[in-house]
Amino acid sequence: MTPPHTRRAVITGLGPLTPVGIGKDLFWQGLLSGRSGIHRLSAFDPSPFHAQCTAEVSNLDPTAHLPPHRLKRLDRFSRFALIAAKLAIADGQLQLDSNHPNTRYGVSFGTALGGLTDAESQHSAFLENGPKAINKALALRVFGGASHSNIAIDFGLQGPGTTNANSCASGNVAVGDAFRFIREGLADLIVAGAADAPISPLSFAAFDNINTMSRTLLDPPCLACRPFDQRRDGFVMGEGAAALIVEELEHAKNRGAHIYAEILGFSLNNDAHHMTTPAPDGRPLVRAMSDALDQAGLTPNEIQHINAHGSATQLNDHNEARSIERVFGSRDSNRNLTVTATKAATGHSLGAAGAIEAVAACLAIARHTAPPTLHLEKPDEGINLNFVPNIPEEQHIRRAMNNSFGFGGINSCLVLGAPD
């Protein structure tokens with residue numbers, strides 16, 4: 001076995017499940033075409049809420065991916081996780097099943113809310129009809145670890161198994177943890193990613209009440225989400241999942257796998273400041289990006305593209321843009337760096353966002369294109385970055401960074417590079 005810390009981790013399979021497309025090709029087409037998954041809230045009555053828009057995965061037929069006996073025991077969150085894993089495993093051309101377990105293969109997943117929406121509906125049934133009305137599988141569906149456990153069970157993955165709950169940074173952290181498992185010699189292959197299905201009255205009200213979601217209702221509704229634009233007023237709640245196959249380099253080469261990108265560095269820190277407001281001096285975020293670069297052995301001018309967290313909230317977007325300028329320089333001094341926020345298309349799928357955006361960063365490298373930030377017309381005054389507004393930009397991207405931040409001041413940065 002290659003000694004720990006000299007082992008390299010590469011990404012060999014992609015499985016996005018998003019409001020703009022399911023599977024890598026439809027997802028990528030959706031991002032480049034300018035299609036938005038954001039629409040007026042229709043899953044339940046929007047009238048009690050200030051926020052009025054969501055981004056739902058509306059074109060998914062679960063029966064095309066999972067047999068009826070499995071669907072019966074899975075809520076929407078776990079369905080998303082398992083389907084995303086199946087997509088990534090198929091894309092990676094892996095033959096995995098529970099009849100042939102592998103102790104060197106594992107799962108690293110993330111979520112913000114797990115099965116909370118399922119618990120909400122079951123609580124209503126309990127109040128109306130008592131304990132016998134509760135779905136017998138509720139205890140097995142509601143916990144966050146149901147995501148990685150179901151994936152491990154279906155595919156015989158007996159190596160490391162974990163689900164983190166690092167809020168909106170969960171997906172990025174899951175991929176970073178997979179990177180560490182590979183480097184430290186604890187596994188040869190990890191199915192990494194995240195899933196969230198938060199669109200229900202209780203979850204929607206929770207975020208609505210703390211004034212983090214956009215209250216804009218324009219025609220068309222997709223204009224509600226405008227990352228880095230002066231008119232932004234909050235994020236749009238979305239849902240979805242993504243899985244990535246993270247694999248030790250020699251293991252991937254030996255089986256002839258297609259390599260999308262290599263994971264070069266990962267960092268994780270905390271503002272230690274406030275649950276929702278970023279540290280005003282931006283130093284923890286600057287340190288997170290700098291630490292990821294240091295681990296990758298790269299200088300700032302060796303990064304050509306950043307998929308920004310870009311949630312379209314006032315403080316977070318401004319803080320991120322300022323921090324990017326402090327690390328990488330302004331547009332005037334670093335014209336080779338493009339910055340994109342894909343949440344304008346997909347909405348903010350909470351814990352799943354970082355994994356979805358990691359897929360976008362891999363495809364940006366593989367397909368030499370920076371996807372656009374929709375509805376970006378007037379960036380904040382004083383911000384001088386090379387954003388990619390509204391239409392994609394052809395670009396030879398060798399190195400990319402994926403930023404993902406969460407409640408509680410969580411900052412995570414992933415550095416990806418083109419394969420050798």
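Are α1 and α13 roughly parallel or roughly perpendicular to each other?

Modeller: The model is a predicted one, and every value below is computed from it. Two packed helices are described by the angle between their axes and the distance between the axes. For helix α1 (residues 24–33) and helix α13 (residues 353–366), the axes come within 11 Å and cross at roughly 85°. An angle from 65 to 115 degrees counts as roughly perpendicular, and α1 and α13 are therefore roughly perpendicular to each other. On the side of α1, the contact is made by K24, F27, W28 and L31. From α13 come I356, V359, A360, L363 and A364. By class, this contact of α1 with α13 holds 8 nonpolar residues, no polar residues and 1 charged residue.

Helix α3 (residues 76–91) packs with helix α6 (residues 146–155) at an angle of about 45°, their axes lying 9 Å apart. That angle makes α3 oblique to α6. The crossing of these two helices, α3 and α6, is right-handed. In their contact, α3 contributes F77, S78, A81, L82, A85, K86 and I89, while α6 contributes A146, S147, N150, I151, D154 and F155. Sorted by class, the contact of α3 with α6 contains 8 nonpolar, 3 polar and 2 charged residues.

The residues of the contact of α4 with α8 divide into 3 nonpolar, 2 polar and 1 charged.

Most residues other than glycine have a negative phi, and most peptide bonds are trans. In the loop between α8 (201–209) and β8 (237–238) lies P220, and a cis peptide bond with omega of about 5° joins D219 and P220. Another loop, between β6 (161–164) and α7 (170–183), contains S167. The phi of S167 is near 50°, a positive value in a residue other than glycine.

The wider setting includes empty space as well. Rolling a probe the size of a water molecule over the atoms shows where empty space is left. The largest pocket has a volume of about 490 Å³. Its lining consists of 30 residues, of which T276, P278, T313, N316 and F407 lie nearest the centre of the pocket. At least two residues of this lining are supplied by each of α11 (314–328), β15 (399–406) and β16 (410–417). The helix α11 gives the most to the lining of the largest pocket, with 5 residues. By class, the lining of this pocket has 11 nonpolar, 16 polar and 3 charged residues.

As for cavities, the count comes to 1 of 30 Å³ or more. About 30 Å³ of space lies in the largest cavity. This cavity is lined by F228, R232, D317, H318, A321, P379, D380, I383 and F387. By class, the lining of the largest cavity has 5 nonpolar, 1 polar and 3 charged residues.

To return to the opening pair, α1 and α13 cross at roughly 85°, with 8 nonpolar residues in their contact.

Key. Residues are numbered from 1 along each chain as its sequence is written. This is a predicted model: local features need pLDDT of at least 70, side-chain atom pairs count only at pLDDT 80 or more; totals for chains, interfaces and linings use all residues. Side-chain values use heavy atoms; hydrogens and water are left out. Axes are lines fitted to C-alpha atoms, for helices over the stretch in contact, and angles run from 0 to 180 degrees between N-to-C directions. Helices (H or I, at least four residues) and strands (E, at least two) are DSSP runs, numbered from the N terminus. Angles under 35 degrees count as roughly parallel, over 145 as roughly antiparallel, 65 to 115 as roughly perpendicular and the rest as oblique. A crossing is left-handed if the near helix is turned anticlockwise from the far one by less than a right angle, and right-handed if clockwise. Contact means heavy atoms within 4.5 Å. Ala, Val, Leu, Ile, Met, Phe, Trp, Tyr, Cys and Pro count as nonpolar, Asp, Glu, Lys and Arg as charged, and the others, Gly among them, as polar. On a 1 Å grid over the protein atoms alone, a cavity is a set of points where a 1.4 Å probe fits but cannot get out, and a pocket is an open set with protein on both sides within 12 Å along at least five of seven lines; lining residues have an atom within 4 Å of a point. Grid points are joined across faces, edges and corners, and a volume is the space filled by probe spheres set on the points.
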